[in-house]
Amino acid sequence: MTENIDVLGTKSAKSVTSAKPARRSGAERVVNTPLPTVYGEFRAIGYLDHDRGDEQVALVHGEIGTENVLTRLHSECLTGDAFGSRHCECGDQLASAMRAVVAEGSGVVVYLRGHEGRGIGLLAKLRAMALQAEGLDTVEANVALGLPVDARDYGVAAEILRDLGVRSVRLMSNNPRKREALTRHGIQVAERVPLLIEPCESNITYLRTKRERMDHILPHLDALAHGS
């Protein structure tokens, strides 16, 4: 509050207001640092997603170029990626993707935080897993909790790829919706590269549900269906 003297010598008060800074949007690159891993040398490029508030990271190996870049969009999965859960194949897919880009000589793994449980969050995912242990499949469990089957958005992934100079990718995924989402957000998908993990007793029902109810392309399950 500032005090002013008017022409009659009386004091008046005037509020001092400052314009609010414009709200930022999109993904902002914050840091780029070497990250040696058990799979090979990467650069960890960190981003702040101003729209959702999530911190994101792209793991880049080698000189990636702009076209046909081997790429994985990996949805955060604490139970699979960190704890080695056999309920899903996420941890194995992340490891396989990192090995693949190293074997290729270059590539990107965009690790998407905020995607836990296909976007419903960690605690909701654990609740859904508890329902699955009682006999529901992964789709039924989400619906029973009043939650979306898949709430993930890939807009920030496309922004990150554009920031890295990537215009088209060879996408490591079994999920056609990821391909559709990237294309919708302006990143060309030159090829879908299967990322198939050998199923186990703990995740076979989950994988079959992904194929039958979520359209994931998992042809390796056919051999199990025929008993071979």
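The structure, a predicted model, holds zero disulfides, a disulfide being a pair of cysteine sulfur atoms within 2.5 Å. The sulfur of Cys 77 lies 3.8 Å from the closest cysteine sulfur, that of Cys 88, which is too far for a bond. For Cys 200, the closest cysteine sulfur is also in Cys 88, at 9.5 Å, again too far for a bond. Cys 77 is buried, with a relative accessible area of 4%, and Cys 200 is buried at 19%; buried denotes under 20% relative accessible area, exposed over 50%, and partly exposed the range in between (1.4 Å probe, protein chains only).

Residues are numbered from 1 along each chain as its sequence is written. In this predicted model, local features need pLDDT of at least 70 and side-chain atom pairs count only at pLDDT 80 or more, whereas totals for chains, interfaces and linings use all residues, and side-chain values use heavy atoms, with hydrogens and water left out.

Helix 4 comprises 12 residues, 122-133; helices (H or I, at least four residues) are DSSP runs numbered from the N terminus. From first C-alpha to last, helix 4 reaches 17 Å, close to the 16 Å expected at 1.5 Å a residue, where the expected span is 1.5 Å times one less than the number of residues. Ala 124, Lys 125, Ala 128, Leu 131 and Gln 132 are the buried residues of this helix. They lie on the same side of helix 4 because they cover an arc of only 115° around the axis, the arc being that of the directions from the helix axis to the C-beta atoms. The face turned away from this buried side carries the exposed residues Leu 123, Arg 127 and Ala 133.

The buried residues of helix 4 pack against helix 1 (78-82), helix 3 (116-119), helix 5 (138-144) and helix 8 (204-214). Gln 132, a residue of helix 4, counts as buried at 16% relative accessibility. Leaving aside neighbours within four places in sequence, Gln 132 is in contact (heavy atoms within 4.5 Å) with His 87, Asp 137, Thr 138, Ala 141 and Tyr 206. Helix 4 is followed by Gly 135, whose phi is positive, near 120°.

Note on methods. Helix = DSSP H or I, 4+ residues; strand = E, 2+ residues; numbered from the N terminus.
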